[in-house]
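Subject: Structure handover

Hi,

Here is the structure I promised to pass on. Have a look at it first, and then read my notes below.

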Amino acid sequence: MSDKNEKSFYWVEGITRDEVVRSLADNRPSVFRNQKNRRMLILFISFLIIVSALSVFIEQPKVRSYLEIATLASVLILYFKLRASVRHVADAPDELLDERLIALRNAGYLDAYRNIGGIGIVYFFIYLLIANEIFSPSLSIGGAGFSQTMVSYFMWFACMPSMVLAWTMPSERPASQD
């Protein structure tokens with residue numbers, strides 16, 4: 001039963017209705033349905049985002065640009081794996097979730113925004129140190145270094161809701177074979 005008013009793509013959330021429905025109904029075993037494996041994925045994504053942010057300290061422009069591209073591509077690929085590991089709950093609109101999943105998602109967003117605030121403070125203080133030339137007089141706060149650091153900060157924004165859910169959700173039990 002399909003309603004003409006039903007959206008098939010949610011632009012704000014960046015997800016399709018079919019993607020959420022398929023993910024919530026999926027009973028196939030997955031490595032990332034285990035909490036330990038999801039936490040390892042989170043730690044690896046976090047490491048890559050930190051490397052991306054710290055790449056501004058590499059003085060060799062070619063090495064820095066290759067590292068920036070490699071970390072960005074890796075984080076994007078792993079981000080989609082992370083979203084799938086939590087069954088797209090962090091990105092799904094209310095109309096596709098039940099009350100329990102909405103409450104879980106909303107609690108995850110609260111923690112995610114608190115974490116983003118803490119990360120923002122760290123980024124701010126690092127930029128104060130760079131601006132005051134404490135690390136290296138050759139580093140400047142403008143230009144490519146600033147934009148790469150902002151890209152890494154936006155990666156935190158995109159990943160954090162799914163990271164919080166993946167960290168806190170328990171491992172799923174395999175579906176019983178009837």
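First, a word on terms: helices (H or I, at least four residues) and strands (E, at least two) are DSSP runs, numbered from the N terminus. By that count the protein has five helices and two strands, and the order from the N terminus is β-β-α-α-α-α-α.

Please keep in mind that this is a predicted model, where local features need pLDDT of at least 70, side-chain atom pairs count only at pLDDT 80 or more, and totals for chains, interfaces and linings use all residues. Residues are numbered from 1 along each chain as its sequence is written, and side-chain values use heavy atoms, with hydrogens and water left out.

How confident is the prediction? The score is pLDDT, the predictor's confidence in each residue, from 0 to 100. The protein averages 86, and 86% of the residues score at least 70. Confidence is highest in helix 2, at a mean of 95, and lowest in strand 1 (residues 9-10), at 86.

Now the inside. I call a residue buried under 20% relative accessible area, exposed over 50%, and partly exposed in between (1.4 Å probe, protein chains only). Of the 178 residues, 37% count as buried. A contact here means heavy atoms within 4.5 Å. Among contacts with a separation of 6 or more, 76% join residues 24 or more positions apart.

In soluble globular proteins, nonpolar side chains tend to be buried together. A nonpolar core, as used here, is a set of buried Ala, Val, Leu, Ile, Met, Phe, Trp, Tyr and Cys residues joined through side-chain atoms within 4.5 Å. The largest one has 35 residues, and Ile45, Ile49, Trp156, Met160 and Met163 touch the most other members. Helix 2 (35-54), helix 3, helix 4 (99-131) and helix 5 (144-168) each supply at least two residues of this core. Helix 5 gives the most, with nine residues.

Two of those residues are worth a click. Ile49 is in helix 2, and it counts as buried because its relative accessibility is 0%. Leaving out residues up to four places away in sequence, Ile49 touches Val75, Tyr123, Ser152, Met155, Trp156 and Cys159.

Next, a walk along helix 3. Which side of the cut-offs does Thr71 fall on, buried or exposed? Thr71 is in helix 3 and counts as buried because its relative accessibility is 3%. Beyond its neighbours within four places in sequence, Thr71 is in contact with Leu48, Val51 and Ser52. Ala70 is also found in helix 3, but this residue is partly exposed, with a relative accessible area of 40%. Ala70 and Leu48 are 22 residues apart in sequence and 9.2 Å apart in space, C-alpha to C-alpha.

Finally, the surface. Accessible areas come from the Shrake-Rupley method with a 1.4 Å probe, and for residues only the protein chains shown count as cover. The protein exposes about 11200 Å², and carbon and sulfur atoms supply 63% of it. Leu76, in helix 3, counts as partly exposed because its relative accessibility is 42%.

Happy browsing!
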